[in-house]
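Me: Please take a close look at one part of this model, the aromatic cluster. Which rings take part, and how are they paired?

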Amino acid sequence: SSFVFRNTDILKKTNEKEYNLNLWKNYLICACCLTLSGTEKLQQFNVDTSVYQETHQDSSKFYTPASNTAVSLFRIVVNLLRCETSDMREIVIRGLGRTNPEAFKDLLEDLTVHIKDVMEIKQDKVRRMRKRDYMRLRLIRIFELLADREVFRYCYANETDLKHPSYQLYHEYLQSALNYLDLENEKDSDLIQQIRQYFAQFVYKFINQTCQLSVTTLYQLLELHGKTTNTMVVEWVIDRCYTKSVRFSDRCFTALAKVFIEVASDYPCDLPSVLILTLTNVGSPRMHVHELALRLMVVLCKGHLSESQPTTSQQSNGISSSDDVAYIISLASNYSKSQMMLSEYLARRRPDLTMAMFSEITTRILTANSSSRGTLFMILLPWIHSIELVDASLPRCVNGHDVTLNEEQGNAFLQGTGWGSVQSTELVLNNLFYLTATFSSEHATELELLWNALTGTWLHNLKVILRYMLIMITLSPCELLPYAKKIILYMCKNHEERLLNELLNELQITESLNISLERTDTLPFYRFNNSTPTFFINNTSTTQSSGTNSVRKTSNMNEHRGVLHTKRHDSGEDNLQQDNISYLSTNHKMRTLSQNSLSASFNEKLTADTDKDHPAMVRVDEFLQAAPLPLAPYGGIAAPLKTLLPELSIPIPCLFRCSIAIMLINELIVSGLQIDWSAHLPQLLHVAMLGMDHNRAIVYEHCKSLVFNLLLAFSVQSDQIWLSEMLLSHVDWDNSKLSTKIRQERDSNGINTNLQSLFTDSLNDNSLPSNNEILTDTNSPANLAREEVVQRLIAYLDTKKGCPLWAYEDITAQLHTIRSALQLTQFVQWIVILFRTCVPQAMLEERWMELALRITLSCSSRHYAGRSLQMIRALGLPLNFRWVIDILSRLVETVAEHNDDMQGYVTEILLTLTHNIDPIH
């Protein structure tokens, strides 16, 4: 029992000790935080001595409280640094590390004895030297904690305080500590390693908190680094200018600018990196940074820019570095606009730096903070005007040469063609697409300006951009389609007609890019193999989910099921496949040009002319061919777009180009842009009907949405608000511009708000055919009221939510009637009635009939040709003499073919002729 009581007493004493130490630590930290300097004594406590004298007769022993200044506090606490108890020493270190900045000078005075002791580096007894090392560790830990609380920022703010003897001794101590660690460099004891670790942390924090010291230190480091060819330190400084706080980045730029200003052209650097950083700071609202950036720009123009400029351009223009300096000086008083003006000036003056600047800016945007990112987007814009996109698989517009738009829009900095290259095109599209996918929600305006600038200079650029987006959507439709839609909207606002024409051309092409497309792990993250592209139209899940390209390779196109191979197709009369658009493998010979050869070619062939408005604009002589602009160093830095793409092992989905065009056009309709769709209505509806039975949801859902959105758009244009009300009550409509416009129109016209409830009741009416009978009703849709047509249309769409509108199947020589053909027929008749109500002057049936006939006679897809014939029968117009002749000619070409696909196609033709016997007669 005595043993138990003794253990209990020991535990009780241990707990009391820990409690008291913890309590004393809190008291000490609080005292160190609140204490003031001894020169600013706190007012004494007001004590009522009369009360004390009444209770104590001996008033002479009255106790007056001592001063609670830092001097009295540190006089007691500092001596405890030599305490034998480790817990007590730790408490003292933590307490002194929380000292009030106003009392820091008093702390240094009380630490003078210990500081002088550790400054001695003489040889002594081992025990004595070890005690001195422990004191070094305790002192540096105190200073590191003080630096962590940013005490030195306040202490070094007043230059007069730095002349105090305590500060002078402190600086000597720091130099002594550095010398000591240099001498002990070979020792690897744990104690020395701890001292070195805390000292390094302290130095980093200390330099960061003192503005003048941090700039001086960084300047010396950069100056020392300039004697080597390694740019690691410069790169680190530039990166911090974009990623850190304003205060930190200003100091980094100040140090870097001073080095370049003093060393001038002798300092090794990556010119685009320094140039972009200077442009970023030229527009700084802090005047001292703005002026320093202009001074640095003057140095760069006199040194690096003038030396590396092509001599032909400089001689032709007659522009010297003094002209550049004069222009830069003129921007000194207009810093709010100086960034864009100077960036445009340099883009016109030095087009050979275009790709290097583009690569550097897009790379910095990915890591920069939000404020720097917006500035970088603005600086990038002028350089986009000199970028010509190249795609060897696309033909030129006029006689093998592209046409520039600068005469119409004035935004091209270079005249003629031949400035672009395949490597540059891949880098530009890759980086811009990734920036759109990453920052479209934060910087939509800036990205819209960039895409419009890229589209508006050369006509050919739009074709290359659109082809690139088709490839990206094919590689990863679900992930990249939303960003492609945003790019389409960006470009459509300024280039509506050109973009719409290109998308309508895509509607006529039934080719799938996945036939020859492969994923790669390097830029541009895809490639085209050497297989001959075939029109692989079979839409079943088996063919579309195939992940190998070998099953698609064959020398005989007749072996492919679902492909019509006829004389008409061979003769080049296929209206669906445009002769002027070819998506064969890219000519990779252009990729072999090196940066040196491109630069040399640029210097040899680039000439300039003086422009009235822009005297520094680089021009091309009429008799000389332009050369591709030099590539960025090492080909440039590509954005990690592959992180948005599927793995290499995942099969590429089969999407026809006409289906992708439907997805993009549907976005234009939903956006509410003022586009007259009536001229293109037959083509849009026909391609949408062809995709209603696709096995991929992304295709048939967009086809449904396109028909639905077209009805909504035309109902507003034709004041058929009743139709838009009925349609909007059917779906969960998003807050798009189109739906908002419809609701505004409804409110302004005072439409009855009870229409939705009336429509809901009518859907529940027993008189409405059941879902199974909707498309098998023998009554002609022409005999139905328009409201009933809408009800049946919506009821059928409700039954087909999340699935195709009808099955993917074909009529064969043995099977002349299929359910999907009946469903297609009545659906076509319904939408014809509704569109005829909205746009009666569009002559929808006649134009659609002619389009469907042209497609069925020339389309290489067996399934699409058959569906087109079914739509001809659904439209119900009589065939004229010319159409009959064309159909009979097609029948003659195909009737002798023995394979199942051709015989099924012949059966479709015969059914169409039979359906029109009476009108023909």
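**The aromatic cluster**

Reply: In this predicted model, ring pairs join Phe 104, Phe 143, Phe 152, Tyr 170, Tyr 173, Phe 199, Phe 202 and Phe 206 into a cluster. The structure as a whole holds 20 aromatic pairs.

Take Phe 104 and Phe 152. Phe 104 is buried, at 0% relative accessibility. Phe 152 is also at 0% relative accessibility and counts as buried.

Now Phe 202 and Phe 206. This aromatic pair is stacked. The centre-to-centre distance is 5.3 Å, with 25° between the planes; the planes count as stacked because the angle is under 30 degrees. Both residues sit in helix α10 (residues 190-209). They are 4 residues apart, about one turn of the helix. Phe 202 has a relative accessible area of 1% and is buried. Phe 206 stands at 7% relative accessibility; being under 20%, Phe 206 counts as buried too.

One further ring contact is of another kind. Arg 136 lies over the face of Tyr 180, 3.9 Å from the ring centre.

Methods. Residues are numbered from 1 along each chain as its sequence is written. This is a predicted model: local features need pLDDT of at least 70, side-chain atom pairs count only at pLDDT 80 or more; totals for chains, interfaces and linings use all residues. Side-chain values use heavy atoms; hydrogens and water are left out. Rings of Phe, Tyr and Trp (its six-membered ring) pair if their centres lie within 6.5 Å; planes under 30 degrees apart count as stacked, over 60 as edge-to-face and the rest as tilted. Buried means under 20% relative accessible area, exposed over 50%, partly exposed in between (1.4 Å probe, protein chains only). Helices (H or I, at least four residues) and strands (E, at least two) are DSSP runs, numbered from the N terminus. A charge sits over a ring if NZ of Lys or CZ of Arg is within 6 Å of the ring centre and within 35 degrees of the ring normal.
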